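I opened the model to look at two things. I started with the core and then went to the interface.

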Amino acid sequence: MSTTLQGTPASSGIAIGYAKVLRTNIEPHVVSKIEPAMAEAEAAKFDAAVSTAAEELDAIRTKLLEDGKAHEAEIFEAHAFLLEDEELVGAAREKITAELYDGVSAILETAKEVAEVLGAVDDPYLRERSADVLDVGRRVARLLSGEEAADAGQDAMAGAGGATGNRAILIAEDLTPSETAGLNASTVAGFATAVGGATSHSAIIARSGGFPAVVGIGESLRDIRNGQLVIVDGGAGLVLIEPDAAALAEYEARRSAEGGKQAEYEAFLDRPSMSADGVQVELVANIGSSADAKQAKLKGAEGIGLFRTEFLFMGRDTLPTEDEQYEAYRTVAEAFGADAPIVIRTMDIGGDKELPLLELEKEDNPFLGYRAIRISLDRPELFKTQLRAILRASAHGNVKAMFPMIATLREWRMAKQLLEEAKQELSEAGIPFNPSMETGIMIEIPAAAMMADRLAREVDFFSIGTNDLVQYTMAADRMNPKLSSLSDPFHPAVLRLIDRVIAAAHAEGKWVGMCGEMAGNPLALPVLLGMGLDEFSMSAGSVTRARWLLARLDRERLQNLARAVLDVDDAADAKALVLREVPEVSEIV
Amino acid sequence: MQKTFTVENPTGIHARPARKIVEAAKSFDGDVLLEKGGSRFSAKSLVKVLSVGAKQGDSITVVAEGEGAEAVIDAVGAVLVLQESH
């Protein structure tokens, strides 16, 4: 019988395939025991799963190294090391042979015990490691239960004649960012999770990898069994279980049409980013590591609108040195050539991105806490090291610096002062940099949006960070799926703030960009263009689609729409207005 | 036999140094133990070494017995007194 589940759209596109349920994630675990006669075979199965896990980790590590993601690779190297640990693997094996646990129970129980020991040590770094232990335990457990899963999937496939190809739809409680980054497009078509929101790191990675995904579906996701035929409609946030023949045919047609659309977008790879009435804007990419820059250029980005530098600081024991940072920033600048804009955002640690290295205290409300520029201003040496590295990179391209989480003019002035000191230090040392490097701020706190007129007098540019701006304006945690209707940038309250920020920047002759998820949303593009946004920074995979759409839009005409959406009751009305005024958009959302 | 070392690494004994300790200890056939504040931990398990929670300035006693004990104690001690983790 067919069932349709509604979740939050996380990554658009249609995926059709057979469900592979990550059972160890989704089902609450109870210890199961085996017969004594089975112990030896169970232990052998366990050993095989451990060595397969080691192979998997090695493959992930190799791929990350090839992509230039050395720090991410090190996480998995540590995981491989844990797989050799007697305390984890040896103890789990003993639970099988001595206590007759089945393999899955043995590894999960042992991982839990070990994680509790590490979690009890008063050290934020070790708390992080306990998550690694659990992750390694789950990997082995998944392989142990995955044998059945693969069989079930194959049976179902044979029954259906394999009409949908053999890529799986992953069904999980949640996927960690590293799990999402490790997804293989040749075996996985898309995924659906019970928790998570559209701006979680997993969703962002899914979009950049082109995996259709729906998140935040809730408990009903547990109804899906291994091997069931599943359709993920990432754009609408729908998951169809065992669809009837008509629905399947319709979605298969839509999937091939999307393939055709994609080819149409690709044709815009090298064209100028220009509206139908000749207004040129910048379509640039958000990246999280220097290795992503090349990919972004290949996908048509004209530059980088947001380089998230915090990833340089994560998953390591020591702070990155000035030289190390300089190399990373220069690599990005050089990937694009001298004129392309490269906006480097100083580190945004805190919030959902912990940095064990800084030994930050746990907070009740990390998103309202000690994060980003608040840490940087508090630790000037740390901040100036980064500023010097950015300045040095400015000798190699059109590099701009951007400060995150600015709430007040005072914070901006303090940051600017430290930048001036960094320039002074470089001058004295005779190290080259661009003395007139543009310096701007993110507008992601409503306080900054309200003060945009004053801030605009002093900065060189704004970039609107809609993910946080929406979260702070609507007072809705973006990770909480129950609040996803509040986490919508089309709420007129948010649109009014955005409009105000753009107008304030232009009144002072400054440019304004957007680097939140909204910038890549086809429904939002007409509104933002009408408001006069100058730069749109999005996941690299969305750039050609945005350019295709832009070429069909007339800014002159959209100015009325941009005013009209400010004067409605709610987000649904604003979206309805866009769809009525710009019917082209309905082809792609 | 045993020797006592002071942890010099400003970030304590974290992933990389802990791994080096385990690698050094595993080259020895017998038990290699780390002692801190009266508790003993096997130096052959990453989990155990991490759970020592050793911070800069802590005194750690390394214990091993038998042939080659001094060499393995010194090898583990060398990691404990390292200033940098890499």
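For this entry, a nonpolar core is a set of buried Ala, Val, Leu, Ile, Met, Phe, Trp, Tyr and Cys residues joined through side-chain atoms within 4.5 Å. Buried here means under 20% relative accessible area. I note that the model is predicted.

**Entry 1: the core**

I looked up the largest nonpolar core and found 114 residues in it. Which members touch the most other members? They are Phe462(A) and Ile498(A).

I left aside its neighbours within four places in sequence. Ile498(A) is then in contact with Ile464(A), Thr466(A) and Leu469(A), and also with Met514(A), Met518(A), Leu528(A) and Met531(A). Another core, of 61 residues, lies apart from the largest one. Its members include Ala43(A) and Val140(A), along with Leu34(B) and Ala54(B). I kept one general point beside this: in soluble globular proteins, nonpolar side chains tend to be buried together.

**Entry 2: chain A overall**

I counted elements next. Chain A has 22 helices and 16 strands. Of its 589 residues, 55% are buried. I also checked contacts in chain A between residues at least 6 apart in sequence. Of these, 69% join residues at least 24 apart.

**Entry 3: where chain B meets chain A**

How many residues of chain B are in contact with chain A? I found 20, and they touch 21 residues of chain A. The area buried between the two chains is about 1900 Å². Carbon and sulfur atoms give 60% of that area. On the chain B side, His14(B), Arg19(B) and Val47(B) lose the most area to chain A. Together they account for 32% of what that side buries.

I turned to the charged pairs. There are two salt bridges between chain B and chain A. In one salt bridge, the side chain of Arg19(B) meets that of Glu77(A) at 2.9 Å, N to O.

Which elements of chain B give two or more residues to the side that touches chain A? They are helix 1 (15-26) and helix 2 (46-51). Helix 1 of chain B gives the most, with seven residues. By class, I noted six nonpolar, seven polar and seven charged residues on this side of chain B.

How values were computed:
Residues are numbered from 1 along each chain as its sequence is written. Chains are lettered from A and ligands numbered from 1 in the order in which they are written. This is a predicted model: local features need pLDDT of at least 70, side-chain atom pairs count only at pLDDT 80 or more; totals for chains, interfaces and linings use all residues. Side-chain values use heavy atoms; hydrogens and water are left out. Buried means under 20% relative accessible area, exposed over 50%, partly exposed in between (1.4 Å probe, protein chains only). Contact means heavy atoms within 4.5 Å. Buried area is the accessible area (1.4 Å probe) that two parts lose on being put together, summed over both. A salt bridge is a side-chain nitrogen of Lys or Arg within 4 Å of a carboxyl oxygen of Asp or Glu. Helices (H or I, at least four residues) and strands (E, at least two) are DSSP runs, numbered from the N terminus. Ala, Val, Leu, Ile, Met, Phe, Trp, Tyr, Cys and Pro count as nonpolar, Asp, Glu, Lys and Arg as charged, and the others, Gly among them, as polar.
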